[in-house]
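Q: Please take a close look at one part of this model and describe its setting with care.

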Amino acid sequence: MNNQLTSKRIFESLKQAGILVSAPDFVPEKEFADLQFDSRKVVSDETLFVIKGAFKKNFLTENLLNKVAAIVTTKRLDLDIPQWLVSDSQIALASLSAAFFGHPEKELTILGITGTKGKTSATYMVHAMLDQLTNHRTAMFSTIDTVLGQGIEFKSQLTTPESYDLFANMRKALDNGNRYLVMEVSSQSYLKNRVFGIHFRVGAFLNISPDHIGINEHPTFEDYLAHKKMLAENSDVFVSNIDDDHGQEFIDHARSFRAKTISVSQKQPAEVTFHIEQANLDQSRFTVSEKNRTDTFALDIPGDFNIYNATIAIAMIREIDLEPVQAKKALEKLQIPGRMVKIKTRSHGLIIVDYAHNGQSITILLKFLRSQHKQGRIILVLGSPGDKGEDRRAQFGKVISEFADLVYLTTDDPGTEDPHKINNQIRAAITNPKVILHEELNRVKAIQTAIEMARQDDLLVLAAKGEDAFQKTNHIDLPYLGDKKVALQFLAEIEKI
């Protein structure tokens with residue numbers, strides 16, 4: 001890989017992206033030793049620095065400017081330093097990052113998954129099977145973990161990384177011997193052009209419901225939907241769940257961009273269909289039919305909604321000419337951190353830890369659990385994030401009214417908002433007077449209290465945080481154990497398990 005940028009390569013990348021406004025007067029062979037967008041990470045002399053977002057001029061200290069050889073910016077700065085002027089700094093960063101890291105996206109077979117819920121689960125399912133089928137040559141970028149091969153694995157910061165980190169990790173994955181990559185593709189990644197220039201061998205749509213709509217996210221559902229559809233525009237093959245109200249719309253959109261399309265359904269005729277043989281808290285068994293063949297698969301992850309995810313994962317793998325049946329054991333053994341994790345207790349019921357974090361996912365989760373749990377109460381520990389997804393709060397109130405018996409409202413990444421006011425918005429939408437409500441803003445204490453209150457025949461749901469390692473509060477990431485660890489540590493104290 002040649003990770004040095006020349007003036008010529010910069011010019012060509014920005015021009016090809018359609019964002020170049022003007023260029024400094026450099027000789028074509030002028031070389032830049034590094035590319036950065038974070039001023040804290042500039043260490044090499046002759047760095048090309050991309051200014052994006054709410055970057056402030058006072059970040060450009062004398063020490064920084066001594067290392068920066070040129071700047072990429074949307075607004076010319078009053079500085080005696082060469083400047084590439086562009087119309088979009090996010091696209092500039094993506095285009096230059098791809099070039100700087102030797103265009104790893106062109107060497108990997110990339111599979112991308114989008115949807116309001118289930119992206120992480122489906123991504124893990126594809127990775128489990130594909131990694132086995134490719135002799136461990138498959139990388140993964142998910143909300144939870146980034147897996148780059150040869151033992152390199154770490155917790156992710158974003159569902160879809162910033163473009164610089166995305167291309168850097170692709171290069172590391174390639175250098176570690178990977179030839180395949182499965183990744184979550186969020187609507188924000190298209191809104192912020194993090195995946196600009198990436199073409200997917202196979203893309204997939206799971207579902208969509210109103211979410212990520214607010215002042216810091218998408219202004220409307222229509223905008224959210226449009227950015228989800230962009231994966232269909234950039235895929236050779238597109239797999240879609242047509243049981244979702246917008247599933248056929250995604251198929252039609254993909255076809256308009258000349259993609260091959262694969263429809264998936266449980267309820268209607270489709271290229272790939274599935275039939276649920278068993279779906280309870282112990283195991284899921286199902287058959288997948290395509291053309292003239294039917295195969296049986298199993299999951300140790302509860303919920304019929306996870307069978308949708310698994311069927312789409314199976315369909316995606318078949319579209320790259322590999323056989324998922326040969327990796328059915330990997331799918332059956334798969335456990336996904338923070339997703340439908342079961343904790344059995346001696347005297348405090350069954351605890352379910354799940355990342356369900358919006359109205360639709362909480363509804364589907366609690367509806368399934370209620371169908372499986374006829375005896376005892378459903379106890380719920382839940383909060384809602386600040387500074388985004390404000391519509392979730394009313395959705396949570398509606399779900400609580402329908403399915404919960406006892407609820408502990410707590411804190412979940414409040415950001416700059418007051419978590420008590422967030423909980424009041426949830427409380428205002430609860431219409432069932434039989435629901436018993438408590439508020440405990442300390443999430444650890446809320447979980448501990450809920451466990452103490454749970455009886456043997458109760459089912460306790462710890463929702464939304466999963467294994468998140470931080471509580472995002474006032475622009476600070478405060479360390480957090482994760483719901484599973486909090487529950488297990490407390491149970492170790494009170495039940496000696």
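Is K228 buried or exposed, and what lies around K228?

A: In this predicted model, K228 is buried, because its relative accessible area is 2%, and the cut-off for that term is under 20%. The residue sits in helix α7, which covers residues 221–233. UniProt, in an unreviewed entry, lists K228 under "modified residue: N6-carboxylysine", an annotation that may be inferred rather than shown by experiment. If neighbours within four places in sequence are left aside, the contacts of K228 are T114, G115, T116 and K119, together with V185, S187, I208 and F250. One of these residues, T114, also takes part in a polar contact, in which the side chains of K228 and T114 are 3.1 Å apart.

Two other parts of the model can be described separately. The second largest pocket holds about 320 Å³ of space; 15 residues line this pocket, and those closest to its centre are Q16, S95, A98, H103 and K106. The elements that contribute two or more residues to that lining are α1 (7–16) and α3 (89–100).

The other part is a hairpin formed by β10 and β11, with two residues between the strands. Strand β10 spans residues 145–149 and strand β11 spans residues 152–155, and their pairing is antiparallel, over four bridges. Within this pairing, V147 has E153 of β11 as its bridge partner, while Q150, in the turn, has a positive phi of about 55°.

How values were computed. Residues are numbered from 1 along each chain as its sequence is written. This is a predicted model: local features need pLDDT of at least 70, side-chain atom pairs count only at pLDDT 80 or more; totals for chains, interfaces and linings use all residues. Side-chain values use heavy atoms; hydrogens and water are left out. Two strands pair if DSSP finds at least two bridges between them. Buried means under 20% relative accessible area, exposed over 50%, partly exposed in between (1.4 Å probe, protein chains only). Contact means heavy atoms within 4.5 Å. A polar contact is a pair of N or O atoms within 3.5 Å; within protein, one must be able to donate a hydrogen and the other to accept it, and residues adjacent in sequence count only if both atoms are side-chain atoms. On a 1 Å grid over the protein atoms alone, a cavity is a set of points where a 1.4 Å probe fits but cannot get out, and a pocket is an open set with protein on both sides within 12 Å along at least five of seven lines; lining residues have an atom within 4 Å of a point. Grid points are joined across faces, edges and corners, and a volume is the space filled by probe spheres set on the points.
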